[in-house]
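Subject: Structure handover

Hello,

Here is the structure I promised you. Please open it alongside this email; my notes follow below.

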Amino acid sequence: MTTLTAPAPTSTATSRRLTAERTAAPSVSFGRLLLVECRKLVNTRAGRWLLIIALALSTAATALAVTAFEATHIFNVFMFAFLPLGMLVPVVAILASGAEWSQRTGLTTFALEPRRWRVAAAKLIATQLAAMAVMLISLAIAYAAAGLVTLTGGTWEVWSLDLATGGTALNMMFLMLQASAWAMLLLNVPAAVVVYFVLAQLWTTVVSFVPWLAERAAWIDLNHAMNPVTQAPYAATGADWLHIASAATIWVLLPLAVGLVRFMRAEVK
């Protein structure tokens, strides 16, 4: 007579693991996360209109530079094109970096990707890509204006860019990181916008009027520190780069570090 032996029962933990493996959805790739964060910069109504206004102001400022001021140096015209974009585009970074709390999309975002550090990294990389886009657009507007001047019979003196263009690009990267840092730190878009615009300018004013701080302005104020590398002709020294490292640590790296900790640990409601 043959005896049938029942198979050993599978443990509850193993059963749950096997079920989870069969039903688990594939993880979101970092490329897709980055694409989503790049789209967040442009696919909201506020972000889209800010970019449209910034482009319109940049074009108008460039036209003013080559007509009213008769600028014939490409770097000077580039700065006219850059300033409106450099002022307004960081606000778009604030909108995107604080979207999970301002637009209440946190539950969806962190349910699809629970590893918040990947979401934060995608946001920061997206803002840096936007900073580079600002530089390219500003250069395109400046060279287009120079081309129109020459086509209409005008003369253009200097077509080559100054090394200060690189310093301007670095400054734009700092501005975008700082904007994202305030958004992640405060988790409130209106408050982050106010702090981004008011605090830095208020601190620069205080530093200018307080003698003890004015003597150390290059070390503790990012606006002062960036001046040597963003003004033509470029004449920055090693000491100037040490000033930038010090000021950037205070105004960019420290807020960003605290903001990332807050972003990782904040409760989503």
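In H4, Phe75, Phe78, Met79, Phe82, Leu85, Gly86, Val89, Pro90, Ala93, Ile94 and Ser97 make contact with H8, where the partners are Ala164, Thr165, Thr168, Met172, Leu175, Met176, Ala179, Ser180 and Ala183. Sorted by class, this H4–H8 contact has 15 nonpolar, five polar and no charged residues. Keep in mind that the model is predicted.

Now the geometry. H4 covers residues 74–97 and H8 covers residues 164–186. Their axes come within 8 Å and cross at roughly 20°. An angle under 35 degrees counts as roughly parallel, and H4 and H8 are therefore roughly parallel to each other. The crossing of H4 and H8 is right-handed.

H8 also packs with H7, which spans residues 116–151. Here the angle is about 145°, and the axes are 9 Å apart. The crossing of H7 and H8 is right-handed. On the H7 side, the contact residues are Ala120, Lys123, Leu124, Thr127, Gln128, Ala130, Ala131, Met132, Val134 and Met135. On the H8 side, they are Thr165, Thr168, Ala169, Met172, Met173, Met176, Leu177, Ser180 and Met184. By class, the H7–H8 contact has 13 nonpolar, five polar and one charged residues.

Next, the aromatic residues. Searching the whole structure gives 10 aromatic pairs. One of them joins Trp101 and Phe263. The pair is edge-to-face, at 5.4 Å centre to centre with 65° between the planes. Trp101 sits in helix H5 (residues 99–102) and Phe263 in helix H13 (residues 238–265), so this pair ties together parts that are 162 residues apart in sequence. Are the two residues buried or exposed? Trp101 is buried, at a relative accessible area of 18%. Phe263 is buried too, at 0%.

Last, a charged residue. Asp240 is found in helix H13. The cut-off for buried is under 20% relative accessible area; Asp240 has 14% relative accessibility, so this residue counts as buried. Which residues does Asp240 contact, leaving aside its neighbours within four places in sequence? They are Pro228 and Ala235. Glu113 is 127 residues from Asp240 along the chain, and their C-alpha atoms are separated by 41 Å.

Best wishes

Key. Residues numbered from 1 in each chain as written. Predicted model: local features only at pLDDT ≥ 70, side-chain atom pairs only at ≥ 80, totals over all residues. Heavy atoms only, no water. Axes fitted to C-alpha atoms, helices over the stretch in contact; angles between N-to-C directions. Helix = DSSP H or I, 4+ residues; strand = E, 2+ residues; numbered from the N terminus. Parallel < 35°, antiparallel > 145°, perpendicular 65-115°, else oblique. Left-handed = near helix turned anticlockwise from the far one by under 90°. Contact = heavy atoms within 4.5 Å. Nonpolar A, V, L, I, M, F, W, Y, C, P; charged D, E, K, R; others polar. Phe/Tyr/Trp six-rings, centres within 6.5 Å; stacked < 30°, edge-to-face > 60°. Buried < 20%, exposed > 50% of the residue type's maximum accessible area, 1.4 Å probe, protein only.
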